[in-house]
Amino acid sequence: MTLPLVNPLLAIRHLRKSYAIPEGGRHLVVAVDHFDLAAGAEVGLRGESGSGKTTLLNLIAGILTPDAGTITLAEQPISALPEAARDRLRARTLGYIFQTFNLLPGYTCLENVLLGMSFGPGPDRAHAVGLLRRMGLEQRLNYYPRQLSTGQQQRVAVARALANRPRLVLADEPTGNLDHRNAAEALALIREICREHGAALLFVSHDREVLAQFPHVADLAQLRPPETIAGQPEGRA
Ligand code: ADP
Ligand code: MG
């Protein structure tokens, strides 16, 4: 992780993201000077609750724009692209398992996965059904998210994230709402499919037990440059 990579799949440089706080001034939520992820790598990213994990993933996905710094994904500057190009790059390159799943409530399991595909290479029903079957959801293809348990919804979200055969999978505490057994199974399945597709996996969690299963774990607090650790909300960051 500390050696510079040649053409990393993901490269973050001098990244800063702050939010205005109600009392005035700004709170610097993300400060990462240097982070590289190689193609096919499996990395856990640890951070306490509120430490900026979700914000960082949203920056990588181009859902949020940084105050400063660059994020390069598959050799393209996602943080600097115009919106349409950013959406295309995201659809082609990224699978994002959101912390809150973000399934569309008016669509069935299968439709949720097919819709995700329509922004990428196009809907492939056989592939979508195959993935959902693998997630143990073959009897639930036509169920709506509200008709599913949390664990089942989470598996639909995983299938949707993996459906476009992304080069990078971002997973935001996807096992956080699951019991121990379901969490272990979900993690194993995510890793297995990422490996099969040669996808890199950046798996964010605050759970040391979950992260202990990763060969590499980075710590968000340790990625933070010392001069940005004020502890308190900053002035204009
Ligand atoms: P984590 O995922 O590590 O729990 P988040 O990235 O969700 O942390 O949030 C990090 C910090 O940023 C929190 O203190 C949160 O209150 C703040 N934050 C997140 N989103 C916003 C926002 N849209 N506006 C203001 N503050 C925000
Ligand atoms: Mg979060």
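Leaving aside neighbours within four places in sequence, Val29 is in contact with Lys17, Ser18, Tyr19, Ser51, Gly52, Thr55 and Arg224. The model described here is predicted. Val29 lies in strand E2 and has a relative accessible area of 12%. Because this value is under the 20% limit, Val29 counts as buried. Val29 and Pro145 are separated by 116 residues in sequence, and their C-alpha atoms are 32 Å apart in space.

Val29 also belongs to the set of residues that surrounds ligand 1. Sorted by class, the shell consists of seven polar, two nonpolar and two charged residues. Strand E2, residues 26-37, and helix H1, residues 53-60, each supply at least two residues of the shell. The largest share, three residues, comes from H1.

Polar contacts to oxygen atoms of ligand 1 involve both backbone and side-chain atoms of the protein. A polar side-chain atom of Thr55 is placed 2.6 Å from an oxygen atom of the ligand. For Gly52, a polar backbone atom is 3.0 Å from an oxygen atom of ligand 1. A backbone N or O atom of Ser51 is likewise found 3.1 Å from a ligand oxygen. Of the 560 Å² of accessible area that ligand 1 has on its own, the protein covers 59%. Ser51, Gly52 and Thr55 are also among the residues in contact with Val29.

Helix H5 runs from residue 150 to residue 162 and comprises 13 residues. The distance from its first C-alpha to its last is 19 Å, close to the 18 Å expected at 1.5 Å a residue. H5 is largely enclosed by the rest of the structure, because 11 of its 13 residues are buried. The buried set is made up of Gly151, Gln152, Gln153, Gln154, Val156, Ala157, Val158, Ala159, Arg160, Ala161 and Leu162.

Buried positions in H6 are Ala183, Ala186, Leu187, Leu189, Ile190, Arg191, Ile193 and Cys194. The N-terminal end of H6 is capped by Asp179, a side-chain oxygen of which lies 3.2 Å from the backbone nitrogen of Arg181. Just after the helix, Gly198 adopts a positive phi of about 70°.

Strand E8 spans residues 200-205 and includes Ser205. With a relative accessible area of 2%, Ser205 is buried. A polar atom of the Ser205 side chain lies 2.9 Å from the backbone nitrogen of Asp207. Beyond its neighbours within four places in sequence, Ser205 is in contact with Leu45, Arg46, Gly47, Lys53, Glu173, Val210 and Leu211.

Methods: Residues are numbered from 1 along each chain as its sequence is written. Chains are lettered from A and ligands numbered from 1 in the order in which they are written. This is a predicted model: local features need pLDDT of at least 70, side-chain atom pairs count only at pLDDT 80 or more; totals for chains, interfaces and linings use all residues. Side-chain values use heavy atoms; hydrogens and water are left out. Helices (H or I, at least four residues) and strands (E, at least two) are DSSP runs, numbered from the N terminus. Buried means under 20% relative accessible area, exposed over 50%, partly exposed in between (1.4 Å probe, protein chains only). A polar contact is a pair of N or O atoms within 3.5 Å; within protein, one must be able to donate a hydrogen and the other to accept it, and residues adjacent in sequence count only if both atoms are side-chain atoms. Contact means heavy atoms within 4.5 Å. The expected span of a helix is 1.5 Å times one less than its number of residues. A residue is near a molecule or strand if one of its heavy atoms lies within 4 Å of it. Accessible areas come from the Shrake-Rupley method with a 1.4 Å probe; for residues, only the protein chains shown count as cover. Ala, Val, Leu, Ile, Met, Phe, Trp, Tyr, Cys and Pro count as nonpolar, Asp, Glu, Lys and Arg as charged, and the others, Gly among them, as polar.
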